[in-house]
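Here's a quick tour of a structure, written for someone who likes to check the geometry.

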Amino acid sequence: MTQPRDSRDAIMRGLANRCPACGEGQLMQGYLTLNPVCAHCDVPLGRYPAADGPAFFTMTIMLLVLIPLLGLVWGIWRPEPLMLLAITGFVMTALTLILLRLIKGAFIGYLWAKDEQDRGA
């Protein structure tokens, strides 16, 4: 039996793009590509599949942000509908791209802490 892993530390390390096990190695290379193995401690990071989880949580959070953002922009500036679409579209796209990487790192950290790895078919 393995020793229990601290979920909070693993999630925080994942948010910082660090290996959830050691906190030293890089979790992702590029934008969303997961490193197969930690360069520092040799933990097989590729065995923790995030699949659609990070995208689901990102979409949920961003849809909850959309309504107040529309109301805020409309209430302050009263732009034309196309300008409102352009402003909110730009802000939502930027926030989604930033948030997706953070959520994927936290999600991989959580999967590592709970040892939910792909065991193969």
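Let's start with α3, a helix of 33 residues that reaches 46 Å from its first C-alpha to its last, close to the 48 Å expected at 1.5 Å a residue. Keep in mind that this is a predicted model.

**Helix packing**

Two packed helices are described by the angle between their axes and the distance between the axes. What are those values for α1 and α3, and for α2 and α3? Here they are:

| Helix pair | Axes come within | Crossing angle |
|---|---|---|
| α1 and α3 | 7 Å | roughly 150 degrees |
| α2 and α3 | 9 Å | roughly 150 degrees |

Take α1 (residues 7-15) and α3 (residues 81-113) to begin with. Angles over 145 degrees count as roughly antiparallel, so α1 is roughly antiparallel to α3. The crossing is right-handed as α1 passes α3. On the α1 side, the residues involved are Ser 7, Ala 10, Ile 11, Gly 14 and Leu 15. Their partners in α3 are Leu 102, Gly 105, Ala 106, Gly 109, Tyr 110, Trp 112 and Ala 113. Sorted by class, this contact has eight nonpolar and four polar residues, with no charged ones.

Now for α2 and α3: given their crossing angle of roughly 150 degrees, these helices are therefore roughly antiparallel to each other. Their crossing is right-handed. What classes of residue make up the contact of α2 with α3? It divides into 20 nonpolar, four polar and one charged.

**The cysteines in the loops**

Next stop, Cys 22 and Cys 41. Cys 22 sits in the loop between α1 and β1 (28-29), while Cys 41 is in the loop between β2 (33-34) and α2 (53-77).

Setting aside neighbours within four places in sequence, Cys 22 is in contact with Arg 13, Cys 38, His 40 and Cys 41. On the same terms, Cys 41 is in contact with Cys 19, Ala 21 and Cys 22.

For a sense of how sequence and space compare, look at two C-alpha pairs. Cys 22 and Val 43 are 21 residues apart in sequence and 8.8 Å apart in space. Cys 41 and Trp 77 are 36 residues apart in sequence, and 52 Å apart in space.

**Positive phi**

Most residues other than glycine have a negative phi. With a relative accessible area of 58%, Asp 42 is exposed.

Ala 51 is also found in the loop between β2 and α2, and its phi is positive too, at about 50 degrees. Ala 51 is exposed, with a relative accessible area of 69%.

Finally, back to α3: this helix is followed by Asp 115, whose phi is positive, near 55 degrees.

Conventions: Residues are numbered from 1 along each chain as its sequence is written. This is a predicted model: local features need pLDDT of at least 70, side-chain atom pairs count only at pLDDT 80 or more; totals for chains, interfaces and linings use all residues. Side-chain values use heavy atoms; hydrogens and water are left out. Helices (H or I, at least four residues) and strands (E, at least two) are DSSP runs, numbered from the N terminus. Contact means heavy atoms within 4.5 Å. Axes are lines fitted to C-alpha atoms, for helices over the stretch in contact, and angles run from 0 to 180 degrees between N-to-C directions. Angles under 35 degrees count as roughly parallel, over 145 as roughly antiparallel, 65 to 115 as roughly perpendicular and the rest as oblique. A crossing is left-handed if the near helix is turned anticlockwise from the far one by less than a right angle, and right-handed if clockwise. Ala, Val, Leu, Ile, Met, Phe, Trp, Tyr, Cys and Pro count as nonpolar, Asp, Glu, Lys and Arg as charged, and the others, Gly among them, as polar. The expected span of a helix is 1.5 Å times one less than its number of residues. Buried means under 20% relative accessible area, exposed over 50%, partly exposed in between (1.4 Å probe, protein chains only).
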